[in-house]
Every structure is written in structure tokens, then in C-alpha cells.
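Please look over the sequence and the model first, then read the points below.

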Amino acid sequence: MYLVEVVPNFSTGDPVKAKLIADCFRNRKNVALLNCTADADHNRCVVTAAGAPQEIRSALIDSARVAAEEIDLNAHRGVHPRIGALDVLPVVPLEETPESVADELVRQGGQDLFDKLGLPVYFYEKSASAPFRRNLADVRRGGFEGLAKKTSEPLWRFDIGEKPHPTAGAVAVGVRKILVAFNMFLKEGTPLNVAVRVAERVRFSGGGLKCVKALGLFLERENRAQVSMNLTDFTCTRVHTVAELVKVELKPFGAEAERGELIGLAPYAAIYDAAEYMLMCQGAGAEQCRTLSVEDVLDAAGRELFLELERGQILDFALSDAFGREIKI
């Protein structure tokens, strides 16, 4: 059985709506709901699920239908960029699944979104129809409010569909690598402009680290500024490398990080790297690190990244538990 991971992002932080969306992935043959997070300040819900492509396809359409019915972007407020109720739909081939299988799901799913729900689609990342459409930030630039104007330009017409859905916007769909979403909260009293400046220096587009995207945000309910980051290839830039650079860049402002946050799941290899870095700084050798238990790794990595990590946040273990087999990522 081929296996894919999907990480649909929905524009709601409402826990009731988030549950309705997540329920679309429950109790389905060959589909496992692995994680669901919802945040009111970002006004965003991130679902992580895995399974066989055709069964996942059905669950995705059901979840998109709920989102289109429950979310009106005309009344949406939140700090996270978005163009749609179902804002972005990444598909990741797992194990020995060919990329072509994941891309076929993207094409079929994108057509379903339009045919069944009237949601127009942009293809992005590895599924992009042109190089300038690969970067999600470029696809999403202008937001929901700017979609009508954007799509009037020939270069930014939808891949499927002609005009935005009046309340649910559009969807970006594409094949991509496993992504690690990692945020760092700054200590109370740190102004937003500090988070913005640090994010600019950390992200690749600002001259920072490769495969890192970052934004500076302020979360009213937390009363904290945040550096919100996506690591699009954790083997290119390690999670702990990003965390260390954020700490360094905060120092000239007299600011510090208070805690970290992992959105969705991360591969064990990404967490292990952070644990190895942490323990080697304390004098442990590489061979000793390789003999650590899972709990030791999570504890060490958590200290480095300001996280309280659990086994359930590790993608490899979640998949193994869900499908009862060894998972190779």
C-alpha cells in the first residue's frame, strides 16, 4: 500500500470547527488522523493525517466541505497569512511511495475541490505550473482580500477555476517534502518589531538560513511576540541551528526566547539531531548519543528547543502506531 502524509491548514482557531474538520479523518479505512492543533491568535487549524491516497482524497474533500460551510473569510481575523478557508494542502509521499503517486493525488484532489465545492486552486511547490508559483509565500501574497485583483493578472490566474469563492477563497495544493513548523515565543514585553527584525535575519530570503521561512508576529492572547518558522528541508538546516540563530539575533535587542512550539509532527531524525547537539555540547560523544532511549532524546532535544516533547509528536512513531509497521522516512 502506498502511503502519503497530508497536512491541510484551515483558517480557523475555533475548537468546535477544528473538531468538525478533524472528524473527517477519523474512523476511515487506511486513514489515520495523527495530529490536530488549533490556535486562536493565528486563527488556524493544522491537521496531520496519513494513509492510502484514494482514501485520503475522500477525507480531504469532506474536510474542505466542512471548512467552506463553516468559515467565512470576509469575517476572518488572525495574524497568519491565508487565501482560503482550506488555505493550503500539502501532500508528502512517505516510505517508498513515488512522487508521481503524490502528484496524481494533488491533481485529482485539486479538480475535486473545484468540481465539488467550487474552490479554485493554485498548484505550488513541486506541483507548480511555473517556477514563480513554487513558493507558497508568493502564491499567498495579497491574501484573501487581494485574490480578485491578483487573479485578474494573466500570470496569476488560477490553475483550476476562474474566480475566488466568495467566502472560502482559494486553495494552494502541492507535493512537498516533510516540513517542520517551529515557533519561538519571546519573553513578555518584547516588542513586535524585534520579532519582525529577527525573522528577517533568520529567513533565507533575508540572507539567513537556507530552507527557512520566518515571520514576526504578535499574539494578543499570549501577550507575546513570536518568531514563526517553517523549515522546508530539515536536513538542509537543522531545527536546533534555527533555534540557536534566533537566540543570537535577539541578543543585540536585549531580548530572549521564552519557549518553543512545534506545530504538527516532526520526524524523529530532526529531534534526534537537536538532542545530539545538546548532549555533545555537554561532553557526550556521538556514539553515546546513538545509544540513547527515545525518552532521553526527547528530553535533551526539548531542553535545546524549549519544548516539552512527547513520543506522539514524532511522525515516525505516529505512523508506526497507526499502521502497525516500521516506517522509513
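Helices (H or I, at least four residues) and strands (E, at least two) are DSSP runs, numbered from the N terminus. The model is predicted, with local features needing pLDDT of at least 70 and side-chain atom pairs counting only at pLDDT 80 or more, while totals for chains, interfaces and linings use all residues. Residues are numbered from 1 along each chain as its sequence is written, and side-chain values use heavy atoms, with hydrogens and water left out.

- Leu231 belongs to strand S10, which covers residues 224-231.
- Leu231 counts as buried because its relative accessibility is 0%; buried means under 20% relative accessible area, exposed over 50%, and partly exposed in between (1.4 Å probe, protein chains only).
- Leaving aside residues up to four places away in sequence, Leu231 touches Ile178, Leu179, Val180, Cys211, Val212, Thr237, Arg238, Val239 and Val242, where contact means heavy atoms within 4.5 Å.
- One of these partners, Ile178, is 53 residues from Leu231 along the chain, and the two C-alpha atoms are separated by 8.9 Å.
- His240 is placed in helix H7, residues 239-250.
- With a relative accessibility of 9%, His240 also counts as buried.
- The residues touched by His240 are Asp273, Ala274, Tyr277, Glu304 and Leu305, again not counting residues up to four places away in sequence.

**Helices H2 and H3**

- Two packed helices are described by the angle between their axes and the distance between the axes.
- Helix H2 (residues 53-70) and helix H3 (residues 99-117) have axes that come within 10 Å and cross at roughly 35 degrees.
- Here the axes are lines fitted to C-alpha atoms, for helices over the stretch in contact, and angles run from 0 to 180 degrees between N-to-C directions.
- H2 and H3 cross in a right-handed way; a crossing is right-handed if the near helix is turned clockwise from the far one by less than a right angle, and left-handed if anticlockwise.
- On the H2 side the contact is made by Pro53, Gln54, Ile56, Arg57, Ile61, Ala64 and Arg65, and on the H3 side by Val101, Leu105, Gln108, Gly109, Asp112, Leu113, Lys116 and Leu117.
- This contact of H2 with H3 has eight nonpolar, three polar and four charged residues.
- In these classes, Ala, Val, Leu, Ile, Met, Phe, Trp, Tyr, Cys and Pro count as nonpolar, Asp, Glu, Lys and Arg as charged, and the others, Gly among them, as polar.

**Pockets**

- On a 1 Å grid over the protein atoms alone, a cavity is a set of points where a 1.4 Å probe fits but cannot get out, and a pocket is an open set with protein on both sides within 12 Å along at least five of seven lines; lining residues have an atom within 4 Å of a point.
- Grid points are joined across faces, edges and corners, and a volume is the space filled by probe spheres set on the points.
- The volume of the largest pocket is about 1400 Å³.
- It is lined by 47 residues, and those closest to its centre are Leu136, Arg140, Lys213, Asn230 and Thr232.
- Strand S9 gives the most to this lining of the largest pocket, with four residues.
- The lining of the largest pocket divides into 20 nonpolar, twelve polar and 15 charged residues.
- The second largest pocket has a volume of about 240 Å³.
- Of its 15 lining residues, Val92, Pro93, Lys177, Ile178 and Ile329 are the closest to the centre of the second largest pocket.

**Cavity**

- The count comes to one cavity of 30 Å³ or more.
- The largest cavity has a volume of about 40 Å³.
- Its lining consists of Arg57, Leu60, Ile61, Ala64, Leu86, Leu89, Gly109 and Leu113.
- H2 gives the most to the lining of the largest cavity, with four residues.

**Positive phi values**

- Asn27, a residue other than glycine, has a positive phi near 55 degrees.
- Asn27 is in the loop between helix H1 (15-22) and S3, and counts as exposed at 83% relative accessibility.
- Phe306, also not a glycine, has a positive phi of about 60 degrees.
- Phe306 lies in the loop between helix H10 (294-305) and helix H11 (315-323), and is partly exposed, with a relative accessible area of 30%.
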